[in-house]
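Here's a quick briefing on aromatic rings and how they pair up. Have the model open while you read.

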Amino acid sequence: MGWLQRSRRKFQLWLYAGRRKTGSTNESAAAHKQHPWWQVMCLTGVDYFSTLGYQPGIAFLAAGALSPIATLVLILLTLFGALPMYRRVAAESPHGDGSISMLENLLSRWKGKLFVLALLGFASTSFIITITLSAADATAHIVENPFVLEHLDFLHHRTIITLILVAALGAIFLRGFKEAIGIAVFLVAIYLALNLTVVVVAFYEIATHATVFWDWKRLLFATHSSPFLMIGTALIVFPKLALGLSGFETGVVVMPLVKGDVNAGYPEPISSHRAQGTESAAQLRGRIHNTRKLLTVAALIMSFLLFASSIATTMLIPAEEFRPETPTQEAGSANGRALAYLAHTYLGDVFGTVYDLSTISILWFAGSSALAGLLNIVPRYLPRYGMAPEWARATRPLVVVFIGICFIVTILFKADVDAQGGAYATGVLALMTSAAIAVTLSARRRGQSAQWLFMLISLVFIYTTVVNIVEQPEGIKIALIFIVAIVGSSLFSRVWRSTELRVDRIELDDPAREFVRRAAKGTVRIITNRIDRGDVLEYEAKEKEKRIDNHIPAGEPILFFEVTPGDASEFSGVLKVRGENVDRFQILRTESPAVPNAIAAFLLFLRNETGKLPHVYFGWSEGNPVSYLLKYIAFGEGDTAPVTHEVLRQAEKDPDQRPIVHVGG
């Protein structure tokens, strides 16, 4: 069976090869290969620009002949709402933390953590549905291609084809996703060129066939008697077009990939940021400058193509070709593929097939942007909160989990693009609403007049989100499933991992190090104390009590160790120990989210530093053990002695190497 054990070990090494340090405070942008802003724009563009594959069709189903006007409202919100908002987010989080991190910093303790968990639920909804919806729309372009319809009947199974596309995406990430930028640049360049060609030809058809425009105008005024009614209706229906806003959050998440020009001339960041790794302040300013350029150029390109494609598809495609699939009828030929319909109609099936292949490729690859976002966000937050196991820091196990979830979603939605639109829009809008609120609070704290503009933008996004939820309730249902799953599993993980050491490292100041050096000359004896007055009388009484209860010889030196409970919502951190003298007593003091864990970690540190097993002395706690357990989980303190012993038992399996715990009184 030796070969089986060796094979298992090799598989584990491969599976966890993607492990990396994460977290905004640990991860250096220098660890990433950085690229010019326009290349990174293409990586976000496979998500953002690929929505052209299905956005015109969704817009027509939502607004009908009013689609161009409703799309114009969306463009105005993009350029004057989302764009300035995310330019601000980029300045606030140059390390790629995004708007979620901004809200985490603005909201303290458990309130901030729970809010982040809820946002992660919406982010998961957005990114997971991006993968499944994009793959489903790629499938629609495959099965509706004339050559496939005539000659490749075996490709007509939408759900199976979509699952294959999702699995192929996961296989690429399992193998090692190193060339994403190069592939994205290639796909985006071809896709934008083909879309521009289709739009130009479509406008040529409109210009040379005047009846097309006048037919659309008559239909528009037949259903909406005045321009004011048109604008009002467009304002009402435009939330259904919210898919056209996707891509901004991804744009700031991938900021560490953006090369910062130190001579960019960008002023100081809106909030001060410490450089990480080998980064300088000038590089951070350059990255902010280039990321803002990325966001602006992407928004301008997308706004032009959205408006142009909306006009072209609305005027040139018969309304019945947009119809969605129902139990009694098949989907129309333009459903989920309006621009592809125009490509085949006006440029022939050869060009149309090339367009289909390009669209299929970018839609399929759009999932890579979403999956990369998930692989960046989840390890950044959940393991740091103690709300995910340590394997969640590794790429490959997470890929398996996310692809499995995508399989379930695809099967439940039967690879239907229209059915997934509501869930996708809910996730996107929730993230954008949170970003709007975050920048509003940030500007308000600084007393900046921009707070009123961002407050107005926040109200618009809140309205859009609420309308979308009311009209497409399946989206919030899916999001709530993700939220409940994340919060439930996170809290379970937090409880399960509560007895880990939860200390990244221990730092001693000079007095504390001197106290430890002196104590190492004999038996290292630590008396734990919860500070009250902190005067000589308190320590005299405590010393006398512990020496009597635990039979400590009168001449033996002792050290007092005091842990002040910190932010219990934090899971781990650096234990900074400082030494202080109170008359003849030597006191070691620190702060930690979890008191027993800090004591256990410090005892193991003393063992390693001194080469001796330290003795620690506790008193018995009086009270209900269940209430102490709940207090420990929620606030990081409780019945300290038994929990400290349990933490030591799990951290050190050899009893002979374990620090010695005494409980008396």
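**Aromatic pairs at a glance**

F60 counts as buried, with a relative accessibility of 12%. Keep in mind that this is a predicted model. Searching the whole structure turns up 13 aromatic pairs, and F60 belongs to one of them, together with F322.

**The F60–F322 pair**

- These two rings are stacked, sitting 4.1 Å apart centre to centre with 20° between their planes.
- F60 is part of helix α3 (residues 55-63), while F322 is in the loop between α13 (281-316) and α14 (338-385), so the pair ties together parts that are 262 residues apart in sequence.
- F322 also counts as buried, at 1% relative accessibility; the cut-off for that label is under 20%.

**The F213–W216 pair**

- F213 and W216 make a tilted pair, with 5.9 Å centre to centre and 50° between the planes.
- Both residues belong to helix α10 (residues 210-223), and because they are three residues apart there, about one helical turn separates them.

**A ring cluster**

- Which residues do ring pairs link into a cluster? That would be Y48, F49, Y86 and F248.

How values were computed: Residues numbered from 1 in each chain as written. Predicted model: local features only at pLDDT ≥ 70, side-chain atom pairs only at ≥ 80, totals over all residues. Heavy atoms only, no water. Phe/Tyr/Trp six-rings, centres within 6.5 Å; stacked < 30°, edge-to-face > 60°. Helix = DSSP H or I, 4+ residues; strand = E, 2+ residues; numbered from the N terminus. Buried < 20%, exposed > 50% of the residue type's maximum accessible area, 1.4 Å probe, protein only.
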